[in-house]
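Me: I am new to this structure and would like to go through it step by step. Could we begin with the overall picture and then turn to details?

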Amino acid sequence: MSDFRIKLDEQQGAGVRFEVHQLLRKSYALGKPVAAPAAATGGSASAPAIHLHPPHAATARQVRIVLDGGAALLEPGALQYAHGKLQVEMQKNAGAGGFFQRAMTSAGSGESAYATRYAGHGEVWTEITTKHFILAAMEGPQDSLILDDGAFYACDANIAVSTHVHRSVQGILSGNGLMQPKLTGAGAFVVEAPVPVDEIEVIELDGQKELIVDGDLMLMYSAGLQVELRPLVRGLRNAWRSGEGLVYQFNGHGTVWLTPTMRLD
């Protein structure tokens, strides 16, 4: 393992382990000219100005997938390099249908209708990014999740990746689109997030109260929840005055993961 990486987190699956690594780097920015210390120049008043370049941490992350007889699915285009004794193939996501349907699914969900499947023994390193990764696991169909557009990154090959279709016509106009990626089954998975894990808010719904959310802040939610995509207030004039556009309304029993800080610099 290279010294310029540190492991932040890991999640074990069936014959596969997902790890998140952060790169240890320093970025050198051009500083303002400052006078050299008098002691270093013999007290000369004509000492030349020097530039100091104070280093600061530059954060970037990547995922390592360690295969020990298992298999993993990875978002197409995410590979940086892989080594070992591996079998690599393209896998069509569940329910992707024919060519035209796959194209519509990809356009609507922000995800590819395919995933790259890696199996065997070895390791896979993904592309370096400044985004964050959330590692988690599902125990079975009861934990089926629907993800934000573009949030799916990788998973245990035992998990089925498919597309959830919002039947409401209003969904076409939402910030998250009419279709969203859905994960079903048991195993470990990786979600790409705009914020670190400690800035994710988890809200549990017990069937007694509803939750209303600006769609841009939604990272993922339990597939068993009842979801409606609608204007915050009824009526076109009132919806325009609210400035909110369409929002998610959640009801039922389940969990919603939000990213309240995603718009901060």
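Me: How many helices and strands are there in the protein chain?
Reply: The model, which is predicted, has two helices and 21 strands in the protein chain.

Me: And what share of the residues counts as buried?
Reply: Of the 265 residues in the protein chain, 42% count as buried. The accessible surface of the chain comes to about 14,100 Å², and carbon and sulfur atoms account for 54% of that surface.

Me: What part of the contacts comes from residues 24 or more positions apart?
Reply: Among contacts with a separation of 6 or more, 77% are between residues 24 or more positions apart.

Me: Let us move to the strands. Which strands pair with β14?
Reply: Strand β13, residues 160-165, pairs with β14 in the antiparallel sense over six bridges. Strand β11, residues 145-147, also runs antiparallel to β14, residues 179-184, and is joined to it by two bridges.

Me: Which residues in β14 are the bridge partners of S162 and L145?
Reply: S162 has K182 as its bridge partner in β14, while L145 is partnered with L183.

Me: What is the general rule for side chains in a regular strand?
Reply: In a regular strand, the side chains alternate between the two faces of the sheet.

Me: Changing topic: how many salt bridges are there?
Reply: The count comes to eight salt bridges. One of them joins E19 and K7, with the closest N and O atoms 3.9 Å apart.

Me: Where do E19 and K7 lie?
Reply: E19 is in strand β2 and K7 is in strand β1, residues 5-12, so the pair ties together parts of the chain that are twelve residues apart in sequence.

Me: Is E19 buried or exposed?
Reply: E19 counts as buried because its relative accessibility is 2%, under the 20% cut-off. K7, in contrast, is partly exposed, with a relative accessible area of 44%.

Me: What about R64, with which residue does R64 form a salt bridge?
Reply: R64 forms a salt bridge with E123, and their closest N and O atoms are 2.8 Å apart. This pair links distant parts of the chain, as R64 is in strand β7 (residues 61-74) and E123 is in strand β9 (residues 114-126), 59 residues apart. Both R64 and E123 are buried.

Me: And which residue pairs with R263?
Reply: R263 forms a salt bridge with D214, the closest N and O atoms being 3.1 Å apart. R263 lies in the segment after β21 (253-258) and D214 in strand β17, so the bridge ties together parts that are 49 residues apart in sequence. D214 counts as partly exposed, at 22% relative accessibility.

Me: Which residues do salt bridges that share partners join into one network?
Reply: K7, E10, R17, E19, R64 and E123 are joined into one network in that way.

Me: Back to β17 for a moment. Which residues does V213 touch?
Reply: Strand β17, residues 211-214, contains V213. Leaving aside residues up to four places away in sequence, V213 touches V247, Y248, F250 and L258. V213 is buried, with a relative accessible area of 5%.

Me: Finally, which residues form the nonpolar patch on the surface?
Reply: The patch is formed by F4, I6, L8 and L24, which together have about 340 Å² of accessible area. L24 is found in the loop between β2 (16-23) and β3 (26-28), and L24 counts as partly exposed at 43% relative accessibility.

Technical notes: Residues numbered from 1 in each chain as written. Predicted model: local features only at pLDDT ≥ 70, side-chain atom pairs only at ≥ 80, totals over all residues. Heavy atoms only, no water. Patch = residues over 30% accessible without salt bridge, like charges linked within 9 Å, V, L, I, M, F, W, Y side chains within 5 Å. Areas by Shrake-Rupley, 256 points an atom, 1.4 Å probe, with all protein chains shown as cover. Salt bridge = Lys/Arg side-chain N within 4 Å of Asp/Glu carboxyl O. Helix = DSSP H or I, 4+ residues; strand = E, 2+ residues; numbered from the N terminus. Buried < 20%, exposed > 50% of the residue type's maximum accessible area, 1.4 Å probe, protein only. Contact = heavy atoms within 4.5 Å. Pairing = 2+ DSSP bridges.
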